[in-house]
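Q: Hey, can you walk me through this one? I'm new to it.

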Amino acid sequence: MTGEYRHRMMDYVREEIMPHRFCVGCGCGTVLNVFTNAIDGLDLDPAQMVCVSGIGCSSWILSPYFKSDTLHTTHGRPIAFATGVKIMRPDLKVIVVAGDGDVSGIGGNHLIHAARRNIDLSVFMVNNMIYGMTGGQVAPTTPVGVKTTTTPHRNVEPPFKVAELVATAGASYVARWTTYHVFPLMESMQNAINKQGFSFIEIVSQCPDNYGRRIGLKSGNDFLTRFRDQSIRIEKTKDMSEEELKDKIIIGKLRDVDRPEYVSELHNITTEQVEKVKKEKVN
Amino acid sequence: MALDKDKTRYLQRLEGKTYFMLGDEACAYGAIFAGCDFFAGYPITPASEIAELIAEELPKAGGICIQMEDELASIAAIVGASWTNARTMTATSGPGFSLMQENIGYAIMTETPCVIVNVQRSGPSTGQATKPAQGDVLQARWGTHGDHNIIALSPNSVQECLDLMLDCFDLADTYRTPVILLMDGEIGHIRESVTMPDLSSIKHVSRKLAKPGEQVFGGDDLVPGMIHYGEGQNVHVTGSTHLATGMRDVTTPEVHDVLVKRIYGKIDENREKIVKVEKDLTKKKKARVGVISYGASARPSSGAVKMARTEGKDVDFLRLITIWPFARTQVAEFSKDLDVILVPEMNLGQLSREIERFADCDVIPVSRIGGIPHTVEEIYQAIMEAV
């Protein structure tokens, strides 16, 4: 067979900077693939999107690889930058894809406030339970007992359950999937993007090079197998105890509600006030 | 940018009228006259009044004002919003200004226009939260890491708090840079008469726009044109070192060299166009003593100079309106026939170091910290000792 192979989703990618830099077995490539498929399935025009990221490997998924307006911000702050973009251009779809350290570590405060405000953003947090880009330091999502470069003896901090945290903070749509569950993840991304309000997906992912090989999971496949075996659909957990759920990854849709949305509420105030001034002038 | 219908309708109710208000309030009105579309801030003494007035008034002019969860989020939001072709600003004081430094550097590196008002208060740290100072002058220049340049202006009256906001927004758009208004708690919290500008007198400076396909982060001009989000041009904005196209390249030394030097040069090479000072020279040109000051300190300074002159002493006075870039040629020129220059500042001698570098004579800082401005008498005494 001759001829060049061109990926089905290449039209959505900044081809001139390919190939990407993700490690062999990294979950980031999967997330980019699923994302482009999600956009394609929605028939959404990338010209109507602004993709925002922070700092870290997961922040490279959309920025610069996805071909749309992109904003690569400072560590932990993509949600805050995205807030400014969305407020001034509510007609555009503003999407944040970044890692667990960025979004729930240094950026944790911005995450919970955005959820509280229910601003119409989609935030897909790629959770590989480590600070991968900088070599494998402990993250707020690293399990207890794990040895990382900054917890060489063992990690004594329990991890955040980020999806649950965001749901409690007030997000309209919250889900968790893994890089094994690509089709439900794609559908979830589509639901999140279409949802008016703050939508959040925690995507449990793998970092074989800077995390996996230190905990006995040498390849991407080793992680995917674990994700498949450890995941349990939320619908099935209703009667399970905390002890039974200890090492499980709870996947599925955690929350889907309708609440007043922040940006439209802000614009309502401006509209009201401008009308008031118009009436004053006439008088 | 020309003011749109909503802004014009709102401002027509105010133009040409005279009011009595706080420096903070004048700053807020100045922002609206300048065409500010979006404000994001966080409460802090003595700047909260700016946010409060903008929250009340800006929506009436068609804009949006929000309070973010902290200062880092505030500056992040205004930088993001600026890329939608909006005029954006925030207002804070020392502790908040310190928090904003990383993203100010991001705005510099990405060449994002925005305005940051710092109503300086007595530091370091929490310091005297409710008392004025001028201790952030060098921080405004060098607060964020790396080699960079900045524009900073300092008003000495409530009227200037309004007028200089128009300059700040124009400079931000002209040079694609964050611009800092270095107010101080003294001017921010006094009340004086302010006359609102006539809309016909406002010259509208727009950002240079790049055409589709043109480079947004480099090229032949020191200041490249901007392409904004939502135009379908796949603009890539990053704080990493980047090519003229915006795409990251951190491995090629020349790329970093060209980018950082051009960003630095935007302000450095336009120094003479940017710098504004106010001269008050003795007509006889026999002065041997000069006084240079700015902001709140310029008020008692000019009073002391007048006092010395009534005693028959010839004293020249130079007020810096632009703090950064530094008024090198103006200071050198001012110092030419002088023996000594006094620099009253509400800090331990920050701008006096800069003045020392370019003045052709002795420079004596007249420092005053502790949260109260200089008195006319103490500066007068310093002048008389120098004479």
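Q: What's the strand order in the open sheet of 5 strands in chain B?
A: The order is S11-S13-S12-S15-S16, with mixed pairing. Strands here are DSSP runs (E, at least two residues), helices are DSSP runs too (H or I, at least four), and both are numbered from the N terminus. Two strands pair if DSSP finds at least two bridges between them.

Q: Before we go on, what kind of model is this?
A: This is a predicted model, where local features need pLDDT of at least 70 and side-chain atom pairs count only at pLDDT 80 or more, while totals for chains, interfaces and linings use all residues. Residues are numbered from 1 along each chain as its sequence is written, chains are lettered from A and ligands numbered from 1 in the order in which they are written, and side-chain values use heavy atoms, with hydrogens and water left out.

Q: How do S11(B) and S13(B) run, parallel or antiparallel?
A: Antiparallel, with 4 bridges joining S11(B) to S13(B), residues 315–320. In that pairing, B:Glu278 sits opposite B:Arg319 of S13(B).

Q: Which helix packs on the sheet?
A: Helix H11 (residues 298–310) of chain B, touching S11, S12 (289–293), S13 and S15 (340–345) of that chain. The direction of H11(B) makes about 165° with that of S13(B).

Q: New topic: how many residues are in contact between chain B and chain A?
A: 44 residues of chain B touch 42 residues of chain A, with contact meaning heavy atoms within 4.5 Å.

Q: And how much area do the two chains bury?
A: About 3500 Å² between them, 62% of it on carbon and sulfur atoms. Buried area is the accessible area (1.4 Å probe) that two parts lose on being put together, summed over both. In chain B, the residues that lose the most area to chain A are B:Arg9, B:Glu69 and B:Tyr229, together 18% of what that side buries.

Q: How many salt bridges cross the interface?
A: The rule finds 2; it asks for a side-chain nitrogen of Lys or Arg within 4 Å of a carboxyl oxygen of Asp or Glu. One salt bridge is formed by B:Arg13 with A:Glu280, whose closest N and O atoms are 3.1 Å apart.

Q: What gives the largest share of chain B's side?
A: H4(B), with 7 residues.

Q: Last one: where are the cis peptide bonds you'd point out?
A: One joins A:Met18 and A:Pro19, with omega about 5°, and A:Pro19 is in the segment before helix H1 (27–42) of chain A. Another runs from B:Trp324 to B:Pro325, with omega near -5°; B:Pro325 is in the loop between strand S14 (322–324) and helix H12 (328–335) of chain B.

Technical notes
Axes are lines fitted to C-alpha atoms, for helices over the stretch in contact, and angles run from 0 to 180 degrees between N-to-C directions.
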